[in-house]
Amino acid sequence: MIGRVWSAVLAVCLLVPVLVAAVTVVPGVPWAGPTSEGTGPFAYVLGLYGPYWLRSAFLALGVGGTALLVGTPAGVVLGRTRSRVLRAWLSTPLVVPGIALAVGIVALWGAVRGLLLLAAAHVLVVLPLVVRTVAAAVQGADLDALLQQARVLGESPARAWWRVGVPVLRRPLLASLLMAAAVSWGEFNVTFLLATPDRATFPAALYLAFTTNSLPVGGAALVLFLLPVVPLAWLAQAVGGEARQAA
Amino acid sequence: MAEHARRTAAAWPAVAWVALGAVVPLLALAVGAAPGAVFQALPALGRSLALSLGVAAGAVLLALPSAAWLARGNGRWRTLFRAVLTVPLTFSGVVVGFLFIVLLGRAGALPRVLPFTAGWAYGMVGLLLAYLYFEIPRAVLALEGALRTVDLAALDEAAAVLGAGRLERVRRVHWPLLRPALVEVTGLAFSVSLGSYGVALLLAHRFEILPVAIYEQWAGLDHPEVAATFAVVLAATGGLANLVLQGRR
Amino acid sequence: MRGLPLEVRGLGVVAGDARLLDAVTAAAPGGAVTVLAGPSGAGKSTLLQAIAGLRPHEGHVVLGDVRLDGRPPEGRGVGLVFQHGRLFPFLDVAGNVAFGLRGRGRAEAERRLDRVLALCRAEHLRDRAIDSLSGGERQRVALARALAPEPGVLLLDEPWSALDATLRLEVATDLLRAVRGSGTTAVVVTHDRVEALTLADHLWLIDRGRLLQQGTPEACYRHPATVEAARLLGEVMAWPLDPDGTIGGQPVPRVLRDVRGVRHAVLRPEDLEPVTTGGFRAEVAGASFLGDRWRIYGTIHGRPATWYGEKPRGKHQNLILHTE
């Protein structure tokens, strides 16, 4: 009983600030304050920060795909061997705070031009999540045992992977991809330090919008931020939940 | 041996990625660090630790009733609640900071109804509330996961049958069973808080935490080794906290 | 390919420093059910895995006159059924059973599918999802899947041990009926001695990685090769012999060595029969009522012994020893 009521209260407390802030885009809302930028807030945001939005979107997709490519084999190995050393090593980007990672990356790799460095940094941050999700799926489904069974039934190792491994991993991989894209989209801790004019993302632009522009513009930027990522996160949850149940 | 290498070969790209992106750079920073700067970092580190620990403990406490409810079953309402929680999960610190500026800034929404709350966003209260807002969704979902593996109801019943009263059951059954999960999630929340500075950038104008100090030093450009040292201190703290956690589990 | 005899020769498996299987040489008659019996950790599952090619091994595996060792698992024509079925969760029953039929034509595959489902009495499960099956149904589907490609030899690793005790016998009988109906040579692993005796046409007794004995259940039971082999199949009294090779001066008919080579007199409770006069004296320590008879505990010449009979009166009984 308490749990349900408490959760309802929490839900309200979490949603209200979002609505209050998002609604500042509507002209005439009392707490929005004056708009000093001339054109409507959305037009302003799209005009000034639109390229960042697109850049973040492409980045999210690229990062998601790359993280899957690099992280899935590692996740399979971790799921099969359950090596604590491997798990600890691959958790490093989760353990070390983002800004510390960024200082290190800039010190060593700062010469790399443009978005490539940013993408690589995002993949680094997202990698532990992909690896863990895949490892959990491999363990949960006892993939090794299923692959053995496929071999005995006449399939070569490669075909066994194709007929058994892929179907088993399909959902966890999709969930990982969505999660990775969502995390990359909103990533700030590492990005903020790495961002330069030629490699800035939308969250970095958000910082500018929130600190230098009027509230309605900030509200518009917020809405544009939420637009892709909320459906993405919901989808990731839904697929991930099913994957959890199927395993 | 060769068999072992073949089995783990597929993990090497990821291992190399982490090596080149995290381990080697941090080692390089540590090598170039200025020992004296470590002392410079301590005040900010202290503030970071206090804030992160307080927020982590508070978030877990506030998350517990909801997490317990979620862990008890499945269904429409719980799924809906989880969906609601997923939204703030995607926010970075800056977004949360902005939300609180709108809500509790000098000309914010809440002060229109409760005038005494004007400017709270920029004080300790606002900072704490904002960090809690940031942490609680994560804490609820992580705690739910951990609680689902604990069969509290069955053991509680067994203890009741053996004659233990409610208070005694909480002390002797609930607490020992829940403690590992609570510790783990608090640690997780602590880790996340330690590294998040978006909120602080926007709201904490008089309370400088270590990540912000790192940024200031780094943007300053005259003593890069100071920024490097601060970063190593922060990384070491995060690593140490994680080790302590693993040990306790 | 069916009904061919299976032979393993000098089969060995090493894992790190430990030798899991040591030069096992045994034969399974074609078309019959051979039970591989032994205590937990004896190496039974390892032996099956080696035959299937899932574990690197020394020695030879021969089916009929074809050498299987050196071939990968997919080339050995072996069927395998595990304890928990290991069914593919993303396919329904028909999809699972037909998994190994990929190479055949569509019509042929359909025919085989129907036939094997009928054999395993699983036709009604055809379109069901895997997670909707009961434990016994899962094992039937697992067996059908293994039989569908008509393997040369069928290996079953304790396929009913994860089920309820009440279900176990029913499922075991069901599965073995299907196995025998298919005429495939089968090797079944169990650690249960009653199953070993009742289900087997032929027995392989194994312990600590070594083959102790092979033969029919009756032969293995009545003429065990070693003390351990005797223990595997029934209750045993094993008494180290006196230095003169007797027990208390009396010669003993069945003398076996144990794993260290020490000679023992080996008796089973049913070898001892109480008589009114004659025989030798046993001291009675206690007795349990079993319904149709009593189980009596005591000592003979100072050595602990058990035998069956009527309720004992007094502290002594006379026993005679039945020999073969």
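**Entry 1: confidence**

I began with the scores, since this is a predicted model. The model has ipTM 0.88 and pTM 0.84. For chain C I noted a mean pLDDT of 90. In that chain, 98% of the residues reach 70 or more. I kept one caution in mind: where pLDDT is low, predicted coordinates should not be read in detail.

**Entry 2: which chains touch**

Next I looked up the chain pairs. Two pairs of chains touch, and the pair A and B has the most contacts. I then checked chains B and C. No contact joins chain B and chain C. Their closest C-alpha atoms are 10 Å apart.

I turned to chains C and A. Chain C brings 13 residues to this contact, and chain A brings 15 residues. What classes of residue does chain C place on the side that touches chain A? I found 10 nonpolar, one polar and two charged residues there.

**Entry 3: domains of chain C**

I looked up the domain assignment of chain C. It gives domain 1 as 6-222 and domain 2 as 235-321. The C-alpha centres of domain 1 and domain 2 of chain C are 39 Å apart.

**Entry 4: a sheet in chain C**

I followed an open sheet of four strands in chain C. The order is β2-β1-β4-β5, and the pairing is antiparallel. Which strands stand at the edges? They are β2 (18-28) and β5 (66-67) of chain C. Each has a single partner strand, so one side of each is left without a neighbour in the sheet.

I then took a look at one pairing. Strand β1 (residues 6-15) of chain C pairs with β2(C) over seven bridges, in the antiparallel sense. In β2(C), R19(C) is the bridge partner of V14(C).

**Entry 5: the nonpolar core**

I finished with the largest nonpolar core, which has 257 residues. The residues with the most contacts inside this core are V103(A), L127(A), L143(B), I214(B) and A231(B). Which element gives the largest share? Helix α2 (residues 41-81) of chain A does, with 15 residues. Domain 1 (6-222) and domain 2 (235-321) of chain C both give residues to this core, so the core lies between them.

Note on methods. Residues numbered from 1 in each chain as written. Chains lettered and ligands numbered in written order. Predicted model: local features only at pLDDT ≥ 70, side-chain atom pairs only at ≥ 80, totals over all residues. Contact = placed C-beta atoms within 7 Å. Nonpolar A, V, L, I, M, F, W, Y, C, P; charged D, E, K, R; others polar. Domains from an automatic or database assignment. pLDDT = per-residue confidence, 0-100. Pairing = 2+ DSSP bridges. Helix = DSSP H or I, 4+ residues; strand = E, 2+ residues; numbered from the N terminus. Core = buried A, V, L, I, M, F, W, Y, C linked by C-beta atoms within 7 Å. Buried ≥ 20, exposed ≤ 12 C-beta atoms within 10 Å, placed from the backbone.
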